Amino acid sequence: MEVFLKIHPDDKVAVALKPLSKGTVLTVDGSLVTLSEDIPQGHKFALFPIKANEPVIKYGSPIGIAKEDICAGAWIHTHNMKTGLGDLLTYTYQPVDTTLAPTAPESFQGYRRKDGSVGVRNEIWIIPTVGCVNNIATAIERQAQQLLQGTIDAIAAFPHPYGCSQMGDDQEHTRRILADLINHPNAGGVLVLGLGCENSNIEELKKYIGSYDEDRVKFLVSQESENEVEDGLKLVESLAAYAGAFQREPISCSELIIGMKCGGSDGLSGITANPAVGRFSDLLISKGGTTILTEVPEMFGAETLLMNRCANEALFEKTVSLINDFKNYFTSHNQTIYENPSPGNKKGGISTLEDKSMGCTQKSGSAPVKGVLSYGERVCQKGLNLLSAPGNDLVASTALAASGAHIVLFTTGRGTPFASPVPTVKISSNTSLYERKKNWIDFNCGSLVDGKPMQQLGQELFDYVVSVASGQKVKAEEAGYHDMAIFKQGVTL
């Protein structure tokens, strides 16, 4: 078993794959390196002397600047390195051809909807238009469990605090996200539950929903109902009769849309879990499928790698706007653009935002960027897409679902129990987390440290995702968790 990893030939640092003790002598590229201090798992140590103000190189790219002279064998972390990132940058399109060769088609067992769209779940969703009716939605959900029948996987409510007293982009975001979820094909039936006097009332929301199947989508205005829970249950009963008739059937993996997100990262995330998801993404795209990468602030410092993979200059310009618009969002609120990584990230070995971003973008694999989506925009281009959303786990995962993702792949080195509106696969970067939190974690990428080849692990992850798309429940589903969160930026009236 290897005890450290030098990721790229040009790197000035290596990563400890297990805790290493002071005085340990390691052979790196034919040279001896003696550790001058203890190195925790997932943390970096210097392979060569690095002078103050010189770049620290990992993944073959700068991940920060040395704050002081660092000797070979020394631990490198927040105490002796800092971010090297600036504010808004000027970018030049330097395209790199990363076209993937097609691979053999595969299929999964999914649900074909009447409009031709595809779902991987057959659930009934109760979606409030406004936070005022959240308790009604959850009461209906609770009492409706007796209506589970046929092929219905779950009946779930999605409470949220918005839908009224909002202005500008916040109000627009709420309406778009709610409409996206109402139209999501993982829902075989939807009850839209309104109050009646809210800004984003049902009649307003219908403008965003567009045409819909009246058997699949039902509406209830609580202020117009004598007993809204009783009336809601009757509507869910009719939805259950409709949705319960759907059956799984073979569907090409070219119709799968998978979201990709990471959170609670550690020093192994960019070495194990994120590259494995990147391998999965390439595999799915090679079969004609679609993936979506989000959390824009965690692209800062690695954005040029994505920009140069854009399929054309128009997509490059959209990616530049994607990055700079988010930087402007930070500065407009008088916040530091590079106030990242989190305390948990730092404890796991990530020292700067560049360090985190270089690991985060490993999830994109090597495919060309074929689409760049604004927040709430539904995916329409097959292949790799970039989506505007923040790094917050619940907000970003909800955004992926709203953009059309059937499943979200969520890598983590720290662990989390949260869910999203669609099956959310928790992928651990280390075996210790997988073994300690088996009630949270669905798939372990820590086996890479033990010598499992990346190609094999990527194929195993692909096979697992196909099984989830075909009905296998993830741990959050088994626990009955369903979460959603909407991006809020502005004033509340």
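The lining of the second largest pocket is made up of eight nonpolar, five polar and five charged residues. This pocket belongs to a predicted model, and its volume is about 400 Å³. Welcome to a short tour of this pocket, the largest one, and an annotated span of the chain.

**The second largest pocket**
- In total, 18 residues line the second largest pocket, and those closest to its centre are L322, D325, S374, Y375 and S388.
- The top contributor to the lining of the second largest pocket is α7, which supplies six residues.

**The largest pocket**
- If you turn to the largest pocket, you will find a volume of about 530 Å³.
- Its lining counts 26 residues, and D115, S117, V118, P185 and R378 are the ones nearest the centre of the largest pocket.
- Sorted by class, the residues lining the largest pocket are eight nonpolar, 10 polar and eight charged.

**An annotated span**
- An unreviewed UniProt entry lists residues 11–82 as "domain: SAF".
- In the model, residues 11–82 are 40% strand and 0% helix.
- From one end of residues 11–82 to the other, the C-alpha atoms are 17 Å apart.

Notes. Residues are numbered from 1 along each chain as its sequence is written. This is a predicted model: local features need pLDDT of at least 70, side-chain atom pairs count only at pLDDT 80 or more; totals for chains, interfaces and linings use all residues. Side-chain values use heavy atoms; hydrogens and water are left out. UniProt positions are given in the numbering used here, feature names are shortened, and annotations may be inferred rather than shown by experiment. Helices (H or I, at least four residues) and strands (E, at least two) are DSSP runs, numbered from the N terminus. On a 1 Å grid over the protein atoms alone, a cavity is a set of points where a 1.4 Å probe fits but cannot get out, and a pocket is an open set with protein on both sides within 12 Å along at least five of seven lines; lining residues have an atom within 4 Å of a point. Grid points are joined across faces, edges and corners, and a volume is the space filled by probe spheres set on the points. Ala, Val, Leu, Ile, Met, Phe, Trp, Tyr, Cys and Pro count as nonpolar, Asp, Glu, Lys and Arg as charged, and the others, Gly among them, as polar.
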